[in-house]
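Student: I have a new chain open and would like to walk through it with you. Could we start with the overall layout and then move to the details?

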Amino acid sequence: MPEKLKPCPACGDPYPRMVEHETFAYVACDTIGCCLSGPVAETEEGAVRKWNTLARSPRPLRWTNEPPKEPGWYWNMRQGYPKEMTISWYSETRLANLYTDGKDIWAGPIPEPEE
């Protein structure tokens, strides 16, 4: 039996959906104003595991307009577009070259999803 999807970690919607393409899959929230897309995986099972790992974040996160300072996975949201969030990897190179116009906010780092 496949693992059950946990609610959206951003808005709490209990009914996220699976999005499948030919070579990858991910879980998405369709709640108006949220539209969170989870990490991409090669299989539906992998996408569910990654989504459920995000849903179990071990600590509450706070939004800040301070860019990330250490490498890791972070939530990112553009001010003016509430609840349209992405999860991105910020490497040392990306952090060193990060340009911001002050309209982005971040939360994290968050734990990397398990395979």
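This is a predicted model: local features need pLDDT of at least 70, side-chain atom pairs count only at pLDDT 80 or more; totals for chains, interfaces and linings use all residues.

Student: Fine. How many helices and strands are there in the chain?

Tutor: The chain has two helices and five strands, and from the N terminus on they follow one another as β-β-α-β-β-α-β.

Student: And what share of the residues counts as buried?

Tutor: Of the 115 residues, 34% count as buried, while the accessible surface of the chain comes to about 7500 Å², with 51% of that belonging to carbon and sulfur atoms.

Student: Let's go to the strands. How do strand 1 and strand 2 run, and how many bridges join them?

Tutor: Strand 1 (residues 17–20) and strand 2 (residues 25–28) run antiparallel and are joined by four bridges; they form a hairpin with four residues between them, and E20 stands opposite A25 in strand 2.

Student: What about strand 5, which strand does it pair with?

Tutor: Strand 5 pairs with strand 3 (residues 72–78) in the antiparallel sense, over five bridges, and within that pairing M77 stands opposite I105 in strand 5.

Student: Why is strand 5 largely enclosed?

Tutor: Five of the seven residues of strand 5 (residues 104–110) are buried, so the rest of the structure largely encloses that strand.

Student: Changing topic: how many aromatic pairs are there?

Tutor: The count comes to three aromatic pairs.

Student: Last one, L95: where does it lie, and what does it touch?

Tutor: L95 lies in helix 2 (residues 92–96) and is buried, with a relative accessible area of 16%, which is under the 20% cut-off for that class. Leaving aside residues up to four places away in sequence, L95 touches P68, K69, E70, P71 and Y90. L95 and P67 are 28 residues apart in sequence, yet their C-alpha atoms are 8.3 Å apart in space.

Key: Residues are numbered from 1 along each chain as its sequence is written. Side-chain values use heavy atoms; hydrogens and water are left out. Buried means under 20% relative accessible area, exposed over 50%, partly exposed in between (1.4 Å probe, protein chains only). Contact means heavy atoms within 4.5 Å. Two strands pair if DSSP finds at least two bridges between them. Accessible areas come from the Shrake-Rupley method with a 1.4 Å probe; for residues, only the protein chains shown count as cover. Rings of Phe, Tyr and Trp (its six-membered ring) pair if their centres lie within 6.5 Å; planes under 30 degrees apart count as stacked, over 60 as edge-to-face and the rest as tilted.
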